[in-house]
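Subject: Structure handover, helix packing

Hello,

Here is the structure I promised. My notes follow below it.

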Amino acid sequence: MKHLADLPLWIGVPVALLLVIGATLTLLGTLGLVRLRSFYDRLHAPTLGTSWGAAATLLASMILFSWTEVRAAVHELVLGVLVMVTTPVTLMLLGRAALHRDRAEGHKDVPPAVARERETSGTDGRAGQGASPRPALQPDSPGIFMDR
Amino acid sequence: MTETLITWAIAYAQFALAVAACLATVRALRGPRAQDRVLGLDTLYVTAMLLFVVTGIRVGTPFFFEAAMVIGVMGFVATVALAKFLIRGEVIE
């Protein structure tokens, strides 16, 4: 490893620290992926690796290659932005797919779908009053888990 | 001194990421339902991407970075396509 030969300490310590932190966070995330009970719990575990696991590793790469190359190496930012943008999209889609499958099979421990308000019922007093355009939820249902 | 520190940090990072890839593979192989397998595969993609980045730091060439980028894009497309398949039963409507 010739490119690591004469590295100053103030570059080496943050790079080593960021590498260790990133790898440890990714390992903890996959450990949660194996250990957690239900799928909806397991969906959250790998985001440890995709948020700060990826960020710390790419930051270490940026710092090191900015020192060893003659110019600043910031092309890792592309990969970081890619990971941070695509991970919520894929996991939302996967969670929706799992919810859809659980509902289709009639599981009891997933929340049911909320019925939409009729389009024809609320036409008289809706316009001009600043009323919320979202459909009213049932009073006994937790609204944040609903699939509109 | 600094070289030894970074060499050990890279070795630890590679070992931890390899173990993480093995755990993701365990979930992808064992997962009781299809969405667990898809989630394990997505995690495996991310872990392999980080492993390529760390290997690129160790070797000192930018080629591993480009391979990591390809893995990242492929992981996104694969997971979205599989999730669409789980919802609809077909990928292209």
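The crossing of α1(A) and α2(B) is left-handed, a term used if the near helix is turned anticlockwise from the far one by less than a right angle (right-handed if clockwise). Bear in mind that this is a predicted model, in which local features need pLDDT of at least 70, side-chain atom pairs count only at pLDDT 80 or more, and totals for chains, interfaces and linings use all residues. Residues are numbered from 1 along each chain as its sequence is written, chains are lettered from A and ligands numbered from 1 in the order in which they are written, and side-chain values use heavy atoms, with hydrogens and water left out.

**α1(A) against α2(B)**

The pair is helix α1 (residues 9-35) of chain A and helix α2 (residues 34-59) of chain B. Their packing angle is about 165°, and the axes are 11 Å apart. So α1(A) is roughly antiparallel to α2(B). Axes are lines fitted to C-alpha atoms, for helices over the stretch in contact, and angles run from 0 to 180 degrees between N-to-C directions. Under 35 degrees counts as roughly parallel, over 145 as roughly antiparallel, 65 to 115 as roughly perpendicular, and the rest as oblique. Helices (H or I, at least four residues) and strands (E, at least two) are DSSP runs, numbered from the N terminus.

From α1(A), Leu19(A), Thr26(A), Thr30(A) and Leu33(A) take part. Their partners in α2(B) include Thr43(B), Thr47(B) and Leu50(B). Contact means heavy atoms within 4.5 Å. The residues of this contact divide into 6 nonpolar, 5 polar and no charged. Here Ala, Val, Leu, Ile, Met, Phe, Trp, Tyr, Cys and Pro count as nonpolar, Asp, Glu, Lys and Arg as charged, and the others, Gly among them, as polar.

Thr30(A) sits in α1 of chain A. Thr30(A) is buried, with a relative accessible area of 1%. Buried means under 20%, exposed over 50%, and partly exposed in between (1.4 Å probe, protein chains only). Beyond neighbours within four places in sequence, Thr30(A) is in contact with Ala20(B), Leu23(B), Ala24(B), Thr43(B) and Thr47(B).

Thr43(B) lies in α2 of chain B. Thr43(B) is also buried, at 5%. With neighbours within four places again set aside, Thr43(B) contacts Thr30(A), Leu33(A), Pro46(A) and Ala24(B).

**Other partners of α2(B)**

Helix α3 (residues 47-68) of chain A packs on α2(B) at about 15°, with axes 10 Å apart. α3(A) is therefore roughly parallel to α2(B). This crossing is left-handed. Among the residues that meet are Gly53(A), Thr57(A) and Phe65(A) in α3(A), and Val46(B), Val53(B) and Gly56(B) in α2(B). The contact divides into 10 nonpolar, 6 polar and no charged.

Within chain B, α2(B) packs with helix α3 (residues 63-88) at about 175°, axes 8 Å apart. That makes α2(B) roughly antiparallel to α3(B). Residues there divide into 16 nonpolar, 6 polar and 1 charged.

**Chain A overall**

Chain A has 4 helices and 0 strands. Of its 148 residues, 37% count as buried. Among contacts with a separation of 6 or more in chain A, 56% come from residues 24 or more positions apart.

Best wishes
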